[in-house]
Amino acid sequence: MEEYAREPCPYRIVDDCGGAFAMGCIGGGVFQAIKGFRNAPSGLNRRLVGSIIAIKTRSPVIAGNFAVWGGMFSTIDCTLVHFRKKEDPWNSIISGAATGGILAARNGTSCKFTKKRPY
């Protein structure tokens, strides 16, 4: 039950957002290093340079996306704690579903019948 004895809500949002940014930066850096190394031209020096360029280009974007997800999740979680007046696992479950729904809604509808057919 240590998970529910965390900081108060306004500070929790900033803490979770920063933690998600750090996790995205480290994980994205590792992933982009491997991807940049594999996609670079042959030669060890070129592959290392390609790896570093990929890290510098994409890692901040991935970290920012993680920070948005973490901040939104934590904000919804704190809102549920405030309205429900209790802190239980259902808040996290609802927060995850709502965050996924909100972030997926940014892409719009993907129904195949909404697009105009050429015929």
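A: Start with a definition: a helix is a DSSP run of H or I, at least four residues long, and helices are numbered from the N terminus. Trp90 is found in helix H3. Keep in mind that this is a predicted model.

Q: How many helices and strands are there in the protein?

A: The protein has three helices and zero strands. Read from the N terminus, the order of elements is α-α-α.

Q: How do I read the packing of two helices?

A: Two numbers describe a packed pair: the angle between the axes and the distance between them. Take H1 (residues 9-39) and H2 (residues 44-84): their axes come within 5 Å and cross at roughly 155°. Angles over 145 degrees count as roughly antiparallel. H1 and H2 are therefore roughly antiparallel to each other. Their crossing is right-handed. By class, their contact has 18 nonpolar, 13 polar and six charged residues.

Q: Which residues does Phe66 touch, leaving out those up to four places away in sequence?

A: Phe66 is found in helix H2. Beyond its sequence neighbours up to four places away, Phe66 touches Ala20, Met23 and Gly24. Phe66 counts as partly exposed, because its relative accessibility is 36% and the class runs between the 20% and 50% cut-offs.

Q: At what angle do H2 and H3 pack?

A: H2 and H3 pack at about 135°, and their axes are 8 Å apart. That makes H2 oblique to H3. The crossing of H2 and H3 is right-handed. On the H2 side, the contact residues include Trp69, Phe73, Asp77 and Leu80. On the H3 side, they include Trp90, Asn91, Ile94 and Ile102. By class, the contact of H2 with H3 has twelve nonpolar, five polar and two charged residues.

Q: Is Trp90 buried or exposed?

A: Compare the relative accessibility with the cut-off. Trp90 stands at 53%, and exposed means over 50%. So Trp90 counts as exposed. The C-alpha atoms of Trp90 and Leu80 are separated by 9.3 Å, and the two residues are ten apart along the chain.

Q: Is Asn91 buried or exposed?

A: Asn91 sits in helix H3 (residues 89-105). Asn91 has a relative accessible area of 1%, and buried means under 20%. So Asn91 is buried. Leaving aside neighbours within four places in sequence, Asn91 is in contact with Asp77, Leu80, Val81, Arg84 and Lys86.

Q: What is the phi of Lys85?

A: First the general idea: most residues other than glycine have a negative phi. The phi of Lys85 is near 60°, a positive value in a residue other than glycine. Lys85 lies in the loop between H2 and H3. Lys85 is exposed, because its relative accessible area is 65%.

Q: What share of the residues of the protein counts as buried?

A: Of the 119 residues, 25% count as buried. The accessible surface comes to about 8700 Å², and 67% of it belongs to carbon and sulfur atoms.

Q: What share of contacts between residues at least 6 apart in sequence join residues at least 24 apart?

A: Among those contacts in the protein, the share is 55%.

Key
Residues are numbered from 1 along each chain as its sequence is written. This is a predicted model: local features need pLDDT of at least 70, side-chain atom pairs count only at pLDDT 80 or more; totals for chains, interfaces and linings use all residues. Side-chain values use heavy atoms; hydrogens and water are left out. Helices (H or I, at least four residues) and strands (E, at least two) are DSSP runs, numbered from the N terminus. Buried means under 20% relative accessible area, exposed over 50%, partly exposed in between (1.4 Å probe, protein chains only). Contact means heavy atoms within 4.5 Å. Accessible areas come from the Shrake-Rupley method with a 1.4 Å probe; for residues, only the protein chains shown count as cover. Axes are lines fitted to C-alpha atoms, for helices over the stretch in contact, and angles run from 0 to 180 degrees between N-to-C directions. Angles under 35 degrees count as roughly parallel, over 145 as roughly antiparallel, 65 to 115 as roughly perpendicular and the rest as oblique. A crossing is left-handed if the near helix is turned anticlockwise from the far one by less than a right angle, and right-handed if clockwise. Ala, Val, Leu, Ile, Met, Phe, Trp, Tyr, Cys and Pro count as nonpolar, Asp, Glu, Lys and Arg as charged, and the others, Gly among them, as polar.
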